[in-house]
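Please look through the following note on cavities, pockets, surface and backbone, with the sequence and the structure at hand.

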Amino acid sequence: MTERETWATRAGFILAAVGSAVGLGNIWQFPFKTAQFGGASFLIVYIIAALGIGLPAILAEFVIGRKTNLNTINAFEKLGYKEWRVVGAIGLFTGFWILSYYSVVGGWVLRYIGGSLTGAYFAAPAEYFGQVSAGMDALALHAVFMALVVGIVAAGIEDGIEKATKLMVPSIVVILGVLAAFAFTLPGASAGYAYFLSPDFNALAENFADIVPFAVGQAFFSLSLGMGAMITYASYIDGDQSLFGDGITIVFLNSFVGILAGLVVLPLLFAQGIDPNTSGAGAVFISVAGAFGDIPGGQIIGLVFFVVVLIAALSSAISLLEVVVSWAIDNYDVSRPQMAVGLGGAIFLLGVPSAIDTAWLGWFDTLAYKLLLPLSVLGILVFAAWVYGAPAIDELMKGSGLGDGVGLTWLWLVRTLVIVAVVATLALGLQTLFLGESPAIVPPL
């Protein structure tokens, strides 16, 4: 077994964790989930979920990872709870599952970078997306994207992931800020701001059962919770830095980028008179791409937009591959590059159906949101709060400079409100999956 790597700096860990969180969930899904579920009404529920559920949950994952310095499965065994390894296995499988179709979307982004340069999608964005989103071209670009991810992870923690995310995360924030400033100048953009920032509480009350599971699921997805990523990244911490401080920083930056993406996408759509209430995997590639064709300098703006989407996609994807690579190198005497290539290849194969048919991608995504993510997060929270208990507080308090009362408050918050919220989210998701005339659990055969 090779010697375990660590982060070179605290900033490296924070930026890597932020990079894991700030991904396609923020730019591909967040603006359109917001539009689909009532604009600011969804935004309010999401922010509450990110702070009230996401932050306590990310701290639970940090505690497990830093305490053990092991991967998401073996960590439970080192803590003395071998039977709880199944929770870590669910998280590892969830990350594996999500990356398989996430990589397909990453391939779409590569295609649209080229399409922005030529203006290929401007005239008929829906038809263009239909042509490139599935089939052999989509499969080939799925392979290219996975190869990029494998290359970064194969280089290691310090020389690969840390160096990459130190460049990626600031780039995402700067470029989105520039695009948001541009969107602000467009005539008609004010309607987008009103929709995004003015809540309709009647719509929230009427659609509560639909909004809540997606908002909480979005918080899980965008914070990389339940995928083993935060346990894995925390396992590379060498020292007693404040997990509280790191967690708050990560949640804040992740939410900020999601809101910033909304301030780019929604004003842009409203300025062009495009209805943002569009669901489906291709929404950002049809509605947003179509808007670029109608604004001055659309080719350049489109190129910049899809470059930042690619950077965000890569920063998240490398964390998901690292989850399974970390497990492999902790258990087998095989080099990191070999493991990265082998496991990246397996994830590519799982993503083949999603590349061939977008209906499969939608099915994979639905199962991740409605079942795998809340189930994995629930297992971690129950373990940290009810099984591990007091030692979790001790680990959380190291380096924080805070009193034990803060840790005890965190523990009981997780034991009660947070777990209840996750159980409710899982129940609502299961209702969608298994009940109704066309249960979502049935694959698109």
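**Note on enclosed space, surface and backbone**

1. The largest cavity holds about 70 Å³ of space, a cavity being, on a 1 Å grid over the protein atoms alone, a set of points where a 1.4 Å probe fits but cannot get out. Its volume is the space filled by probe spheres set on the points, which are joined across faces, edges and corners. Of the 14 residues that line the largest cavity, Ser 20, Tyr 102, Phe 221, Ser 224 and Ser 316 are the closest to its centre, where lining residues have an atom within 4 Å of a point.

2. This is a predicted model, in which local features need pLDDT of at least 70, side-chain atom pairs count only at pLDDT 80 or more, and totals for chains, interfaces and linings use all residues. Residues are numbered from 1 along each chain as its sequence is written, and side-chain values use heavy atoms, with hydrogens and water left out.

3. Helices H1 (10–21), H2 (24–36), H5 (85–118), H11 (208–222) and H15 (298–331) each give at least two residues to the lining of the largest cavity, helices being DSSP runs (H or I, at least four residues) numbered from the N terminus. The largest share, three residues, comes from H15. By class, this lining has seven nonpolar, seven polar and no charged residues; Ala, Val, Leu, Ile, Met, Phe, Trp, Tyr, Cys and Pro count as nonpolar, Asp, Glu, Lys and Arg as charged, and the others, Gly among them, as polar.

4. The lining of the second largest cavity divides into eight nonpolar, no polar and no charged residues.

5. The second largest pocket contains about 220 Å³ of space, a pocket being an open set of points with protein on both sides within 12 Å along at least five of seven lines. Two or more of its lining residues come from each of helix H3 (40–68), H11 and H20, and H3 has the largest share, five residues. Among the lining residues are Val 45, Phe 208 and Thr 425, and the lining as a whole has nine nonpolar, two polar and no charged residues.

6. Most residues other than glycine have a negative phi. Ser 224 counts as buried because its relative accessible area is 2%, buried meaning under 20%, exposed over 50% and partly exposed in between (1.4 Å probe, protein chains only).

7. Asn 69 also has a positive phi, of about 50°, although it is not a glycine. Asn 69 lies in the loop between H3 and helix H4 (74–78), and it is partly exposed because its relative accessible area is 31%.

8. Ala 340, in helix H16 (residues 336–350), is buried, since its relative accessibility is 0%. The C-alpha atoms of Ala 340 and Phe 42 are separated by 37 Å, and the two residues are 298 apart along the chain.
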